[in-house]
Amino acid sequence: MCGIIGYTGKSDAEPVLVEGLRHLEYRGYDSAGIAVLNEDKIKIHKSTGRVDTLADICKNSPLRGCTGIGHTRWATHGRASAANSHPHTNSSKTIAVVHNGIIENHTELRQFLADNGYKFVSETDSEVIPHLLDYHIKSGGDFKESFLKTVRELKGSFAISAVCRDAGDKILSARKGSPIVIGEGEGEMFVSSDIYSISDKTDVIYVLGDNEVAEISRDCVEFSDFDGNKITKTPSEIKHNSYLEEAGGYDHYMLKEIHEQPRILKSLLSGEKTLSDIKNTPFLAERVKRTDKIYLLGCGTAYNAAMTGGIVMRYLCPVNVCAVMASEFAGGFYDVDDKTLVIAVTQSGETADTLSAMDFAAKRGAVTVAITNTQYSRADTESDFAFYTRCGREVSVASTKAYTAQLAVLYSFGVFLCNCLGGDVKRAEEVREALLKVTADVHLSLGLEEEMKTLAGHYAGCRDIYYIGRGSDFVTATEGALKMKEITYIHSEAYPMGELKHGPIALIDRDTPVIAVDCHPDLHIKTESNLREVVTRGADAVCFCPDGITHNGVRCIHLPETHWITAPFSSVVPLQLLAYYTSVAKGCDVDKPRNLAKSVTVE
Ligand code: F6R
């Protein structure tokens with residue numbers, strides 16, 4: 001959610017930190033700040049709003065020094081303000097700290113520190129950290145000892161980096177729950193909460209594990225546990241993958257990412273690459289053999305992918321299959337044991353709700369499989385098996401290419417499970433064949449772009465939009481409504497088509513446009529009657545359906561002819577485009593919608 005960056009080396013830290021914050025801004029973007037060490041002082045710049053505002057401040061008043069830390073924030077404890085933004089310091093400003101996560105015992109710590117004369121200037125939980133560090137240093141510890149004492153006393157989940165005026169070029173970092181990586185360069189070191197953000201600076205990284213501390217100076221990195229016991233770590237090599245790749249001639253990353261879908265799907269699906277990835281995991285086949293129920297988990301768009309994956313797996317596998325919102329799973333409402341397979345879908349691999357659901361399942365003996373876009377993320381490292389969606393960096397906060405890539409892996413995994421669990425082989429073959437056509441279908445759907453642009457002008461002035469569908473078309477409708485609401489702020493709701501008349505139809509009138517998705521050949525007639533219900537109440541209805549299908553009094557937008565089971569790939573594309581162009585027409589910040597963050601690391 002928030003982002004951490006740190007640098008110590010031979011160059012000025014400020015430009016490296018500001019650039020790093022730009023890379024991290026997608027994680028959270030209501031305020032940002034940096035702290036740079038300059039011999040006898042720590043100097044700090046902070047601002048609310050975007051990193052650009054901070055960059056302007058730095059331009060007018062540069063901070064000199066070769067060691068520093070920075071942070072981009074998504075407010076949880078305390079509103080977005082300069083006082084609440086990080087880095088936070090002790091009163092004498094000899095220590096600066098940046099923090100991701102939540103300090104659960106901050107109230108007790110605040111009280112303890114206040115009783116010892118400490119004054120707080122922010123409403124954040126994070127501010128207890130520099131004061132506690134100060135308290136331990138004043139009690140006689142050096143920077144490292146005091147840092148270790150401090151992290152041992154913190155409850156909750158966190159990634160922390162700290163600098164101290166009296167500790168030279170040193171940056172100390174700790175991880176408990178929230179990710180943090182160290183990048184090693186020539187005579188310089190980087191810290192980041194996000195592997196991609198430093199991947200254009202170095203290809204040698206160390207992933208900090210839970211309850212571990214990294215001590216870096218420009219020439220050396222050492223690791224320990226929270227008790228100071230040394231840990232030996234081997235570095236990993238990462239491929240250059242600059243986050244700040246340009247939007248490639250597109251006006252926004254979201255549009256670029258929508259257009260990337262055919263290429264990504266081609267590489268995931270053609271040549272059975274994804275399938276062979278899974279097949280090459282014989283141990284997995286052995287582990288899932290006893291499965292008698294499957295839960296698919298995720299949040300937001302990833303949950304929508306999980307719902308569609310659930311429909312496919314129910315079609316193929318002779319076991320109970322259920323998609324559950326990850327945030328609803330750990331409450332004990334679901335039966336989980338060692339015959340359970342839990343498939344967690346998460347682009348970032350860091351979503352707290354999904355991780356705690358996985359943990360809940362693992363503790364009850366379930367086999368856990370992560371479908372993620374982020375290697376070395378917690379979902380990757382903490383699951384029994386992980387498959388990568390390999391769709392490259394998704395920069396736009398609204399997920400598009402990750403969604404269809406998740407579908408590709410879920411469908412392929414469904415076929416694999418069908419074979420392992422003695423499912424319907426003919427159906428597996430049917431799905432496998434349908435998948436071969438998906439790339440071309442998605443490409444054809446992109447051909448609807450101009451039409452979506454025109455249609456968007458029509459929706460931009462709306463207050464509410466209703467999306468309807470049945471089965472997997474309902475899931476597509478849900479994903480379309482989610483895209484629309486998050487980037488246009490128009491109230492958009494999806495309902496199973498048949499459910500509309502049981503209540504929500506009371507809301508339908510001439511000012512509530514209805515968007516229907518109708519791709520299942522057996523359901524066109526039911527769709528026709530449900531559409532009649534809304535049209536007779538004055539609603540302006542549009543229906544996305546295959547070529548050749550018409551509905552009375554309804555504008556039909558024709559999708560490529562496809563098997564109903566794989567229709568979710570191509571039917572979601574025009575809905576993504578429609579949301580995108582409506583957002584543009586309304587003048588919204590498409591790639592960074594208000595109140596949202598790309599990686600949601602709090603429950
Ligand atoms: C919507 C969106 C979110 C995410 C959700 C889960 O466009 O991006 O709904 O899908 O926060 O994120 P991951 O997949 O990283 O677990």
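Ser224 lies in strand E13. Helices (H or I, at least four residues) and strands (E, at least two) are DSSP runs, numbered from the N terminus. The model is predicted: local features need pLDDT of at least 70, side-chain atom pairs count only at pLDDT 80 or more, and totals for chains, interfaces and linings use all residues. Residues are numbered from 1 along each chain as its sequence is written, and side-chain values use heavy atoms, with hydrogens and water left out.

Ser224 has a relative accessible area of 1% and is buried. Buried means under 20% relative accessible area, exposed over 50%, and partly exposed in between (1.4 Å probe, protein chains only). Neighbours within four places in sequence aside, Ser224 is in contact with Lys144, Leu148, Asn211, Glu212, Val213, Asn229, Lys230 and Ile231. Contact means heavy atoms within 4.5 Å.

Lys144 and Leu148 are among the buried residues of helix H5 (residues 143-153). The buried residues of H5 pack against H4, strand E7 (156-164), strand E8 (171-176), strand E12 (212-217) and strand E13 (220-225). Asp142 caps the N-terminal end of H5. One of its side-chain oxygens lies 3.2 Å from the backbone nitrogen of Lys144. A polar contact is a pair of N or O atoms within 3.5 Å; within protein, one must be able to donate a hydrogen and the other to accept it, and residues adjacent in sequence count only if both atoms are side-chain atoms.

Asn211 is found in the loop between strand E11 (204-207) and E12. Asn211 is partly exposed, at a relative accessible area of 36%. Its phi is positive, about 60 degrees, although Asn211 is not a glycine. Asn595 also has a positive phi, about 65 degrees, and is not a glycine. Asn595 lies in the segment after helix H20 (567-585) and counts as exposed at 59% relative accessibility. A cis peptide bond, with omega about 0 degrees, joins His86 and Pro87. Pro87 lies in the loop between strand E4 (67-73) and strand E5 (88-89). Most residues other than glycine have a negative phi, and most peptide bonds are trans.

The largest nonpolar core has 91 residues. A nonpolar core is a set of buried Ala, Val, Leu, Ile, Met, Phe, Trp, Tyr and Cys residues joined through side-chain atoms within 4.5 Å. Ile294, Met313, Ile343 and Leu417 have the most contacts inside the largest core. Helix H14 (residues 401-420) gives the most to this core, with 13 residues. A second, separate core has 24 residues, including Val128, Ile129, Leu148 and Val213. Beyond four places in sequence, Ile294 is in contact with Met313, Val319, Asn320, Val321, Cys322, Leu341, Ile343, Leu417 and Leu421.

The aromatic pairs number 16. Rings of Phe, Tyr and Trp (its six-membered ring) pair if their centres lie within 6.5 Å; planes under 30 degrees apart count as stacked, over 60 as edge-to-face and the rest as tilted. Tyr295 and Tyr334 form an edge-to-face pair, 5.7 Å centre to centre, with 75 degrees between the planes. Tyr295 lies in strand E16 (residues 293-298) and Tyr334 in the loop between helix H11 (326-329) and strand E18 (340-346), so the pair ties together parts that are 39 residues apart in sequence. Tyr295 is buried at 8% relative accessible area, whereas Tyr334 is partly exposed at 29%. Ring pairs link Tyr295, Phe329, Tyr334 and Phe360 into a cluster.

Around the ligand are 13 residues, of which Thr346, Gln347, Ser348, Thr351 and Glu486 come nearest. A residue is near a molecule or strand if one of its heavy atoms lies within 4 Å of it. A polar side-chain atom of Ser348 is 2.6 Å from a ligand oxygen atom. A backbone N or O atom of Ser399 lies 2.9 Å from an oxygen atom of the ligand. For a polar backbone atom of Val397, the distance to a ligand oxygen atom is 3.3 Å. The protein covers 89% of the 400 Å² of accessible area that the ligand has on its own. Accessible areas come from the Shrake-Rupley method with a 1.4 Å probe; for residues, only the protein chains shown count as cover.
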